[in-house]
Amino acid sequence: MKSLQELIRPNIRNLKPYSSARDEFHGAASVFLDANENPYPPASGLAVNRYPDPMQRALKQRIAELKSIAPEHIFTGNGSDEAIDLIIRTFCEPGRDGIVSVAPTYGMYEVMADVNDVRYTKVSLDDDFRLDADAVLNAVDEQFTKVIFLCSPNNPSGNLLDTEQIVRILKTFDGVVVVDEAYIDFADTLSFTRRLTDFPNLIVLQTLSKAWGAAGIRLGMAFASEEIITTFNKVKYPYNVSLTTQEQALEILRNEERKNMQVKEILQERSRLAVALRELPFVRRVYPSDANFILVRFDDANATYNYLVDKGIVVRNRNTVALCAGCIRITVGTPEENAALVEALKAMKF
């Protein structure tokens with residue numbers, strides 16, 4: 001691969017980052033008169049009158065313990081979307097460079113590319129949503145393609161992408177490869193975070209929004225080489241993760257057992273739901289899933305979606321997405337929610 005210094009945009013490479021008051025002081029103190037804060041907390045009593053730790057040190061230390069990864073290799077941000085945006089802004093020159101991804105996949109890669117005026121090239125998965133490394137590599141422009149995004153387990157198809165195909169891309173492509181593992185806790189596989197020392201061009205994304213049940217606090221993680229993480233910290237907004245998010249994330253991450261129990265139940269419900277859906281006469285196919293959702297092909301996706309909405313059940317219509325004609329994506333809910341969905345579908349008549 002090219003060196004990171006070659007891959008990083010020149011203006012980012014030479015950027016002198018903003019230095020906040022909390023960046024310049026480290027240690028113990030009782031009087032803080034450095035950051036122009038209001039010295040009085042609000043009526044709630046929460047100390048949100050003070051700026052949060054801009055580097056989220058306590059939070060990263062807890063993540064490091066859970067993931068067996070040094071804090072220097074961890075970036076935390078406002079959901080994984082912040083990390084996706086940072087990756088594109090760090091490596092891709094607007095109006096010139098490009099990224100490659102597969103289709104169908106998570107839509108924010110393309111949105112962030114468009115926002116940053118970066119070319120976005122789609123490579124179709126096959127009819128079973130399998131990855132072809134050679135097809136992805138053939139789509140690369142050797143001069144201008146800087147990043148390849150791969151979501152595994154993939155969204156909306158739900159399947160893991162083949163590890164050997166991903167490794168082939170990592171070994172062959174001389175740019176940055178991002179493996180988005182938002183749904184990794186629901187899959188029977190090892191995380192690519194274990195391969196960070198093997199591949200300096202690898203960035204792995206994870207989130208608290210799925211298995212950890214914390215979508216509302218917006219906390220995403222990126223794992224990469226220390227050099228990449230240092231660059232992200234130069235480019236990010238000074239206080240990109242709020243105090244309340246940091247505190248709630250720490251509290252949530254203290255209870256790994258609870259997360260594991262919920263994942264176990266979701267996996268059991270995923271299996272039961274898949275069986276029940278296959279028994280419906282108007283279901284053409286239930287795709288295998290390594291995530292906390294199931295992609296289902298119906299005789300009439302639009303009519304099924306509208307019917308469920310009328311019953312107060314909201315699912316995701318993916319009928320217009322590449323390779324997903326006739327498909328609805330169904331998140332695995334509680335046993336009661338899944339039962340309500342199945343009963344409603346059993347009563348559906350056209």
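## Strands β2 and β3

The chain crosses from β2 through α6 to β3 in a right-handed β-α-β crossover (right-handed if, with the strands pointing away from the viewer, the path from the first strand over the helix to the second runs clockwise). Strand β2 (residues 98-103) and strand β3 (residues 119-124) run parallel and are joined by 6 bridges; strands pair if DSSP finds at least two bridges between them. Helices (H or I, at least four residues) and strands (E, at least two) are DSSP runs, numbered from the N terminus.

## About the model

This is a predicted model, in which local features need pLDDT of at least 70 and side-chain atom pairs count only at pLDDT 80 or more, while totals for chains, interfaces and linings use all residues. Residues are numbered from 1 along each chain as its sequence is written, and side-chain values use heavy atoms, leaving out hydrogens and water.

## Helices α5 and α6

Now to α6 (residues 108-115): its axis and that of α5 (residues 79-91) come within 10 Å and cross at roughly 45 degrees. Axes are lines fitted to C-alpha atoms, for helices over the stretch in contact, and angles run from 0 to 180 degrees between N-to-C directions. The two helices α5 and α6 are therefore oblique to each other (under 35 degrees counts as roughly parallel, over 145 as roughly antiparallel, 65 to 115 as roughly perpendicular and the rest as oblique).

On the α5 side, D81, I84, D85 and I88 meet M108, Y109, M112 and A113 of α6, with contact meaning heavy atoms within 4.5 Å.
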